Amino acid sequence: MRYCSKCLMPDTRPGITFADGVCAPCINYSKQMTTDWNRRRKELAEICDKYRGCNGNSYDCAIAISGGKDSHFQVYVMKELMKMNPILLAVGNIDWTETGRRNLENISDVFNCDVIALNPNWHVTRIMAKKAFMKLGSPTWYADALIYAYPYRMAMKLGLKLLVYGENVNYMYGGKYNKETPSAMLQPLNDVVKPIDFNIWCEDGDLTPKDLESARQPDIKECETFGLESIYISYFMPWDSYHNYEVAKRWGFKHLGHEYAREGTIEQFNQIDSIGYLLNQYLKYPKYGHASATEMASRWIRVGLKTRDEMIPYVKQYDKNLDQGIVDTFRSFTGMPVREFWQVMDKWYNRELFEQDRDGVWHEKFEVGVGLMKK
Ligand SMILES: [Zn+2]
């Protein structure tokens, strides 16, 4: 395990690459300094000109949103700056925070946009949350597959040829598809939703492929035949999640701090619409030795808000905390007994990074910012 010399991202993150001790997300972020943003913004304006009014007075494009700070920024860019008339496509949560629900309402109100939200089938989501936790260590696999598949499907159903996404996750934060492209057509192939044959989920006989059909990604050929163009805003505008938060606040976005104090994060404005969903994010800690605090600290270091030395104590303190609300929400939704929950958790600890004491408690074998401790 080695850490980026600029930020606090370790090389255990799947798909991440390093060059001369620096992680690809840091290298890619620094490219923003020399990018010709005026030219890129013009390119976005040209794309918008192509689609504006293409459906008469109806929608010009679709934007995939969650209702969070980045969603506010995306809609701000498309509606306020580009003067498009977008339809917003969302996938609902199983457990909502009040703040998250209000933010989704706010985005519709303040930007004057319709929202179509898919409310996932609870029965299937419940079975899949438990199964994906046990088999894959990714309890939100199904929810994430829906989040990826639904906007592509719905945009085409509505006859809309332009679908807008926020940031290119693999390029910005590290992962397999690490190329900077305006097109989001390859997005469904990134590391967020592992490609799993649906038949594997149906092996136990409690689900059929038909139950999972909504989460099936339309293939690229199908999208191309339809003429769907899918883009990342992060290609056309500088992308900085803290800046997006500041912009979102000016349009009525609210952070979670007054409703709920999360135990494992160093901020209260990222991924705040659901508590149970965060189990997925937390599981990166036992698997790879880093979770939400590492991710946010690294972003802040990259944009110059904080230094690497300043953030090390925060990452040490917060990444290891599994929020009690996450455990409660997940267990009450899936009906999983507490001992079974911990047996599954234990399975996902990487033995190279952690050791378990005789009472079952896990201890880090690494030092944040440094790497594996020498024996
Ligand atoms: Zn880095």
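This is a predicted model: local features need pLDDT of at least 70, side-chain atom pairs count only at pLDDT 80 or more; totals for chains, interfaces and linings use all residues.
The domain assignment of the protein chain gives domain 1, made of residues 18-24 + 262-372, and domain 2, made of residues 35-236. Taken over C-alpha atoms, the centres of domain 1 and domain 2 are separated by 25 Å. To the contact between them, domain 1 contributes 22 residues and domain 2 contributes 25 residues. On the side of domain 1 that touches domain 2, at least two residues come from each of α13 (278-282) and α17 (324-334), and it is α17 that provides the largest share of that side, with four residues. By class, the residues on this side of domain 1 comprise 13 nonpolar, six polar and three charged.

The largest nonpolar core has 85 residues, and the residues with the most contacts inside this core are Cys 61, Ile 63 and Val 164. Helix α6, which spans residues 141-157, supplies the largest share of this core, namely 11 residues. Both domains take part, in that at least three residues of the core are drawn from each of domain 1 and domain 2.

Leu 89 lies in strand β4, residues 86-91, and is buried, with 25 other C-beta atoms within 10 Å. Not counting residues up to four places away in sequence, Leu 89 touches Ala 62, Ile 63, Ala 64 and Ile 65, together with Ile 116, Tyr 150, Pro 151, Met 154 and Ala 155. The separation between the C-alpha atoms of Leu 89 and Tyr 150 is 8.0 Å, although these residues are 61 residues apart along the chain.

The contact of α5 with α6 contains seven nonpolar residues and one polar residue, with no charged residues.

In the second pair, helix α3 (residues 69-81) and helix α12 (residues 241-250) pack at an angle of about 70°, with 8 Å between their axes, which makes α3 roughly perpendicular to α12. Here Lys 69, Asp 70, His 72, Phe 73 and Tyr 76 of α3 meet Ser 241, Asn 244, Tyr 245, Val 247 and Ala 248 of α12. The contact of α3 with α12 divides by class into five nonpolar, three polar and two charged residues.

Asp 20 is not a glycine and yet has a positive phi of about 50°; Asp 20 is placed in the loop between β1 (18-19) and β2 (22-23), and counts as exposed because 6 C-beta neighbours lie inside 10 Å. Gln 271, likewise not a glycine, has a positive phi of about 50°, and is found in the loop between α12 and α13. Gln 271, however, counts as buried, with 21 C-beta neighbours inside 10 Å.

The remaining positions concern residues that are separated along the sequence. Gln 324 lies in helix α17 and is exposed, with 10 other C-beta atoms within 10 Å. From C-alpha to C-alpha, Gln 324 and Glu 263 are 7.8 Å apart in space, while in sequence they are 61 residues apart. Ala 184, in the loop between α7 (169-173) and α8 (198-202), counts as buried, having 24 C-beta neighbours inside 10 Å. With its neighbours within four places in sequence left aside, Ala 184 is in contact with Tyr 165, Ser 230, Ile 231 and Tyr 232. Ala 184 and Asp 219 are 35 residues apart in sequence, and the distance between their C-alpha atoms is 13 Å.

Methods: Residues are numbered from 1 along each chain as its sequence is written. Domain bounds come from an automatic or database domain assignment. Two residues are in contact if their C-beta atoms, placed from the backbone, lie within 7 Å. Ala, Val, Leu, Ile, Met, Phe, Trp, Tyr, Cys and Pro count as nonpolar, Asp, Glu, Lys and Arg as charged, and the others, Gly among them, as polar. A nonpolar core is a set of buried Ala, Val, Leu, Ile, Met, Phe, Trp, Tyr and Cys residues joined through C-beta atoms within 7 Å. A residue is buried if 20 or more other C-beta atoms lie within 10 Å of its own, exposed if 12 or fewer, and partly exposed in between; C-beta atoms are placed from the backbone. Axes are lines fitted to C-alpha atoms, for helices over the stretch in contact, and angles run from 0 to 180 degrees between N-to-C directions. Angles under 35 degrees count as roughly parallel, over 145 as roughly antiparallel, 65 to 115 as roughly perpendicular and the rest as oblique.
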